[in-house]
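Dear colleague,

Please find the structure below. My notes on the aromatic rings and on one of the chains follow it.

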Amino acid sequence: MPGSTIINHRQHVGLQKLSALAGISHSSLGPNKKYKFIQDDASGDSTLVCSCFRIFESLELTCAVGQLVHETIQAHQKVYHTGSGCMLFLAGAWSHAALECLQRGISVAQIILAMSEGMDICLDVCKKSSVSTEGLGVEQPESCTKTSARLGLQMSKKPIGDASQTSCHLQETKTNGHKTLNGSVQRKIKLSRHSYEAKSENVSTILQPHQPKHPDIAHIAEGLSHGCVDAMNLVVEASRIQTKNNQHDVSCSTFDVNKVTSCVLLGLSEEHSCVTPGCIVTLSAEQASVAHHLKEQHLKVALINGDLSDSYRHLGFNRPTGVQRVTAPSDLSSSSKEEEWIEKVVTLLLKLEVNLILISGLASEKLILRCCRYGILVVEKVMASVLKAFATATGAVPVTYATQLSKHCVGIEVTVAIWGDLSSHERRPSTTVNISTGGNSDLVTVILTSCVHGKLQALEDQFWACAYRLHHALRDKAILPGAGLTEMLCIHHLQEQAERTVRHYRERNGDSAQQTKAGTTANPCSGVVLHLMADGLIDYISTVLVNTGGISKVGARTAVSQQLRDYKEGVGFAAKFSQLFLEGEQDGSAASISMKSSEAPAVKIYDNLSVKQEAWRKALDVVFLVLQADAEIITGIDQKTDGAQGNLMLL
Amino acid sequence: MMSRLAKKSPSLCTDQPLDNTDICNKLYLLRHLLTSCFGPRGRLKQVHNNIGGRVVTTSTSSVLLSAVSSSQPFINLIKISILNHVSRFSDCGLFAAILCLSIIERAKQSGLRGSVVIKVNKYLLDLCTCYLQQEDCGVRVKLDFCSSQNLIKLARSSISSKPACVLTEQETLHISRLAVQAFLLTVPCNSPGTTVTLGKTVIVSVEGHSVLSSSVFPGLLVDMPDVFHLNNMEYLHSNPLRMVLFSASLAGDLSELGDGRIEMHPGVDTDSQILDQLLELGKQVVKDEVKLFVCQKVIHPVLQQYLRSRGIIVIERLGITLMEPLTQLTGAQPVATLHTTIPPQAYGKVRDLTIRQFGSKTMLHLQPPGESAICTMILSHRNETMLSELKVVCQKTEHVLRFTLREPSALLGGGCTETHLAAYVRHKSMKEATEALSSLGCSQTDYLLGIEGFCRSLESVATALEHDDGKSLLDLTHAHHWTLPADVMKEHMEHNLGPCGCGLVESIPDKKWTYLHTKYPQISPAPLARDTAVQPRVLDSFTAKVNALQVAVETANLALDVRYVIHDMN
C-alpha cells in the first residue's frame with residue numbers, strides 16, 4: 001500500500017541546500033571562466049562543462065531544492081541564454097541571508113516583506129542607472145563630453161527618456177551633483193578617464209541637435225563580452241555581415257539572432273573560428289564531389305520537414321498494429337518496395353530540376369547515393385530556423401513528403417560554394433560547403449573550431465551567450481554599467497534604506513506618546529534584512545573580483561567596502577575600481593593585452609538590463625519558495641521498507 | 001501466476017478507531033500539515049515521489065490532498081470528503097479540513113460520548129447556517145454588481161491566499177482584475193429566458209515572462225506552432241468566415257480500426273486510399289468556401305498543403321479541452337468521421353483572425369461572429385512552479401466569482417467570520433439552553449462541553465492563519481479576529497494592532513481584547529454599523545464557506561460515528 005511521508009524541516013535544510021548548491025556557481029562568474037569535469041562513477045564517462053546551466057544539466061539532481069533550481073535555471077536559459085550563474089549565486093547568497101535572519105529570530109513573513117522591498121530598490125536602481133544604447137559610444141568632441149555625462153544624470157530621473165527635453169533640465173542637474181546615482185559615472189570613465197573632476201561645474205551649454213542615433217554595435221558588444229572576447233568578435237562580425245546584407249537600410253546596423261546558426265568543427269585550432277554569410281554544412285566525400293559539380297551554379301532547392309525515407313510517416317501517424325500482409329510467393333520483397341519509392345522520388349526531383357534538398361531530419365542511405373548519381377545534393381539535419389530562412393529567401397515551400405513536391409514548392413537562386421576542405425586535417429574525410437541564397441537573406445553561420453572535442457560545447461555556449469547578450473541589449477534599447485557598478489549602487493541604496501529604517505524605528509520608539517497606526521509602521525527588522533541582502537551582493541562582487549584574478553577574497557572585500565565608503569562621502573565610484581576588473585581580465589586573457597597601454601581608451605563594461613533584472617527576481621523567487629516550504633511530502637513510499645527512517649513521518 | 005497461489009491474508013479490523021493511537025497520531029499529523037498551509041502566510045509543501053519525479057511546491061488543498069495517500073482508510077475517508085467539496089466549490093478546502101480535524105480532536109479530548117457530540121454539533125451547525133442566512137448577520141457582505149470593487153476584493157483574497165504564486169502587491173492586483181474581467185466576459189449579455197448559461201475561460205500559461213504581461217482576451221486563442229505558414233493572413237479580417245471543426249483524426253492512418261487483426265493484400269495501399277479520401281474532404285471544404293480548418297487531432301501534411309494552397313488556414317492538434325469552447329464560440333458541430341460529406345449545418349463562423357505573440361508562443365486569436373461568452377486568459381510567470389500554482393488559483397477564483405451570481409454575498413475574511421461565529425454560537429446556545437437541552441436530551445455539562453469544543457474548533461481555524469508565533473486576539477464588541485506580532489507585549493498592544501483580520505474594524509484605545517482560546521465573558525457580537533467609508537479588505541466566498549462548514553461538521557460527525565474499520569489486507 002503506497003503511503004505518503006512528510007519530512008518536516010525545522011532546521012531549514014532547504015535554505016542550507018540552496019546555499020550549498022549555489023557554491024557550484026562561484027567559479028563560473030566573472031570574465032575568467034573555469035572548466036569543470038563532471039564524472040559519472042557508474043559509467044566512467046566524463047564531460048567538460050563551463051557554465052552553470054551545463055553543470056545542472058549533467059548533474060541530474062533528485063532532491064526537491066535541486067529540482068526547483070534546475071527548473072528555474074532552465075526557464076531562464078531558454079529565454080536569455082546568459083546570466084544563470086549570477087542567478088544561482090544570488091539565490092545562494094540570499095538564502096544564506098534568509099537563514100541568518102531566521103537565526104536572529106526574524107519571522108518568515110517579515111523576511112519576505114523586507115526582501116521584496118529590497119528587490120524593489122534594486123530593480124529601481126537598475127531602471128535608473130540604465131543607459132540608452134542610442135548613440136552610445138559614438139565619439140564626440142571634448143566640449144560635449146561633460147554634457148553627455150550630465151545627460152546621463154537626467155536619465156536617472158526619466159529612464160531611457162526622451163532626450164530632447166534635456167536642455168531645459170540641464171540647470172537642475174548641475175546642482176544635483178552626486179545625489180543621483182546613475183550610469184553617468186560609468187560614461188565619464190569611458191570618455192574622460194583622466195580629466196574627470198567630481199565637482200566640475202564646467203558644463204558646456206553647447207547642445208547638439210539631438211537626433212536618434214543608431215546603437216554602435218561594436219562598442220556595446222565589446223562592453224558585453226565579459227571576458228569572451230573571441231566569441232563576441234564573432235558576434236560582431238555576424239552583425240556586420242547581416243547589416244551589409246540588409247539592403248533596406250544600410251545606415252542602420254542590425255543583429256538578428258534568429259538568423260544566426262553555429263557550426264562546430266573539430267580539428268582546427270581556435271583561431272580558425274570565423275563567420276560567413278550563408279549556411280555552412282559538413283558533407284561526406286560522395287556528397288562533396290556532388291557539391292564540386294554544383295558550385296557556381298544557380299540551383300533549385302527543395303525543403304523537407306521531416307525524414308526523407310520510404311518508411312517515414314508524419315508525427316501523429318499511428319501505424320496499424322494488427323495488420324498482416326498476405327504474401328504470395330511472386331510478390332515483391334520489401335526492399336524492392338523501397339526501390340520503387342526511390343525511383344518515384346528521384347524521377348520527381350529530376351522532373352522538377354531540383355539540385356539541392358535540405359532536410360530537417362535524416363535521409364535514407366540509398367536515396368542519398370542515388371541522388372549523388374544524378375547530381376542532387378542532399379543535406380540532412382538542417383535546423384528549422386534555417387529551413388524557414390531558406391523558405392522566405394527562395395520562395396520554396398517546406399513539405400513533409402517528397403511526393404508532395406510540385407513546381408511551386410521549389411525555391412530558386414541558391415548557390416553552393418566549397419568553403420573548406422578538412423580532409424587533410426582529420427582522419428574522417430569531410431568537406432564544408434556554404435549554401436547561400438544570393439544575398440537576400442540575413443542567414444549567417446558562425447564556425448567554431450577547436451582541437452579539443454570537450455571544449456566545443458563550451459565554445460558554442462559562450463558564443464550563444466554573447467549573441468544573446470547583444471540581442472537583449474538591442475531589444476532593451478538600454479544597458480547597465482557593468483563591472484559591478486550597478487551592484488555597488490544597489491548595495492549603497494540597500495544600506496541607506498536599512499539605516500533609514502533603523503533610524504525611523506528608533507525615533508518612533510523614543511517618542512512613545514506619538515500614536516501611529518500599526519499598519520503603517522515600518523518593519524523593525526527590515527533594516528537587518530536589507531543589510532544582509534546587500535551583503536549578498538557584496539559577496540557577489542567580491543567573488544567576481546577574485547575570479548577576475550590578482551586579488552584575494554579579503555582584498556576584494558576591502559576594495560568593495562572602501563569604494564562604498566568613498567561613495568558615501570561623495571567621491572563617486574572611481575575609475576580605479578572598475579579597472580580592477582579590467583586588469584584582472586587582461587592578466588587572464590592574452591588577447592586583450594594591448595589594452596594595457598595607457599594611451600588606449602579604457603574598455604567599458606556593460607551588463608544587460610532585462611537579463612540582470614530577471615536573474616535577480618528569479619533568484620529571490622527560488623529563495624522565497626524554499627524559505628516558505630516547511631515540509632516535503634513524498635508519495636508512493638512503501639511503508640514497510642522506508643518507514644524506519646527517523647525524520648520521516650508516515651501518514 | 002504466483003499471486004493466485006498466495007494465501008489470502010485476513011482482514012484487519014480496528015475497533016473504536018479514534019481510540020487507536022496510530023490513527024490519532026496520523027490525524028494530528030494531517031491537521032498540522034494542513035494548518036501550516038493555511039492562509040496568505042501559510043507554509044508551502046514540496047510534493048514529489050520517491051523516484052525523483054517532478055516537484056510540486058504548493059499550499060493548495062486540492063493539490064496537496066490528492067497527493068497525500070494514507071495506509072489508513074480512516075484518514076482517506078476524511079481526505080475524500082474534503083476533496084469532494086473542493087471539486088465542487090474549489091475554495092475553502094483547507095478551512096473544511098482544519099475545522100473537521102479540530103472538531104474530531106476536541107471531541108476526543110472532551111471525553112464525551114460520540115453520540116452526544118454528534119447531536120450537539122448538528123444543533124450548532126444549524127445555528128450557524130441559520131445565522132449566516134439571516135439578514136442581520138454580522139459577517140455577511142452584500143455584493144454590489146454596480147461596481148467591480150467588491151468582486152476584485154473577493155478575487156484578491158482568493159489569489160493572495162496562496163503564497164506559492166510569489167506575487168507582489170501590484171501583481172496580485174493585476175491578476176485579480178484579470179480574473180474579474182474574465183469572469184465578466186463569461187457572463188452572456190442578453191440571453192433570453194431565466195436560465196443563464198455561463199461561458200468559459202480558457203487559461204493558457206506562458207512560462208518565463210512577467211506576471212504583469214498576463215492578459216485576458218474575448219474569444220479564443222489557439223496555438224499555431226507551425227510558423228512556416230503564416231504569410232497569407234492579411235485579408236482575413238472583419239467578415240465572418242466559414243470554418244469547419246473535426247474531432248476525428250485526419251492523420252491518414254487506420255487508428256479508427258481499433259484492435260484486432262486485419263489481413264491485407266500486399267497490393268493494397270491503404271495509406272494512399274485514405275489520403276484520397278482526405279483529399280475528397282479537402283475538395284468539398286474548398287467548394288463550400290471554408291476559410292478556417294481546425295482538427296482536434298493530427299492532419300495529414302498532404303491535406304494541409306492542399307488546403308493552404310487554396311488559402312485556408314489550418315490548425316491541427318487543437319486538443320480535447322478546446323473543443324467545447326470552440327464549438328460554443330463558432331457554432332460549429334465537430335465532424336467525427338471523414339467518410340461522409342460534411343453536412344452544411346456543421347460549419348461554424350468566426351470573425352477577425354489575428355496573430356498574437358506571447359514569448360515564444362505564436363497564437364491565432366479567433367473572435368466570435370456575434371455574442372459569445374468565451375474568453376482566454378494568458379497567464380505568465382517566471383517559473384513553472386509558480387505558474388502552475390497561479391493557474392490553479394485562477395481557476396479557483398473563477399469558480400468563486402461564479403458563485404456570486406447565485407448568491408451575491410461574501411463573508412468577512414481574515415478569521416473574523418470564524419471568531420464572530422464562535423462568539424455568536426456561545427451566546428445564542430446559552431440563551432436557548434433550556435429548549436436545546438430538552439430536544440437534544442443530554443446533560444447541561446455535556447452540552448457546555450460540546451459547545452466549547454465546537455467553538456474552539458472554529459476559533460482554531462482563525463488562529464491557523466498565523467504562522468509566525470503571533471498571538472490571536474478577539475475584541476469584545478464585534479468579536480472580530482486580530483493578530484498581535486510575536487515580539488509585542490500586550491501592554492504596547494494599542495500601537496501595534498492594525499485593523500482586524502478583515503479590515504473592517506479599526507483599533508481604538510478603549511477597545512477590550514482577549515486572547516483566543518481563553519475564557520472570556522459571553523458577548524453578543526454587535527453587528528457593525530454599515531459605514532460605507534470603511535470597506536473590508538479581505539472577503540471569502542459565501543457559498544463555498546457555508547458548504548465547507550457543513551462538510552466539515554458532517555465529516556467530523558461521520559468520523560466520530562465510525563465504530564469499526566475493516567481493512568482488507570490483500
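Buried here means under 20% relative accessible area, exposed over 50%, and partly exposed in between (1.4 Å probe, protein chains only). At 14% relative accessibility, A:Trp341 therefore counts as buried.

Some conventions: this is a predicted model, in which local features need pLDDT of at least 70 and side-chain atom pairs count only at pLDDT 80 or more, while totals for chains, interfaces and linings use all residues. Residues are numbered from 1 along each chain as its sequence is written, chains are lettered from A and ligands numbered from 1 in the order in which they are written, and side-chain values use heavy atoms, with hydrogens and water left out.

A:Trp341 is part of helix α12 (residues 334–351) of chain A; helices (H or I, at least four residues) and strands (E, at least two) are DSSP runs, numbered from the N terminus. Beyond its neighbours within four places in sequence, A:Trp341 is in contact (heavy atoms within 4.5 Å) with A:Leu308, A:Ser309, A:Asp310, A:Ser364 and A:Leu367.

Over all chains there are ten aromatic pairs. Rings of Phe, Tyr and Trp (its six-membered ring) pair if their centres lie within 6.5 Å; planes under 30 degrees apart count as stacked, over 60 as edge-to-face and the rest as tilted. B:Phe89 and B:Phe403 are stacked, because their ring centres are 5.2 Å apart and their planes at 25°. This pair links distant parts of the chain, 314 residues apart: B:Phe89 is in helix α4 (residues 73–89) of chain B and B:Phe403 in helix α12 (residues 384–406) of chain B. B:Phe89 is buried at a relative accessible area of 7%, and B:Phe403 is buried at 6%.

B:Tyr123 and B:Tyr447 form a tilted pair, 6.4 Å centre to centre with 50° between the planes. Here helix α6 (residues 114–133) of chain B supplies B:Tyr123 and helix α15 (residues 444–463) of chain B supplies B:Tyr447, 324 residues apart. Both B:Tyr123 and B:Tyr447 are buried. In chain A, ring pairs join A:Phe463, A:Trp464 and A:Tyr468 into a cluster.

A charge sits over a ring if NZ of Lys or CZ of Arg is within 6 Å of the ring centre and within 35 degrees of the ring normal. A:Arg313 lies over the face of A:Phe317, 5.9 Å from the ring centre, and the charged end of B:Lys545 sits over the ring of B:Phe95, 4.8 Å from its centre.

Chain B has 17 helices and 20 strands, and 56% of its 570 residues count as buried.

Regards
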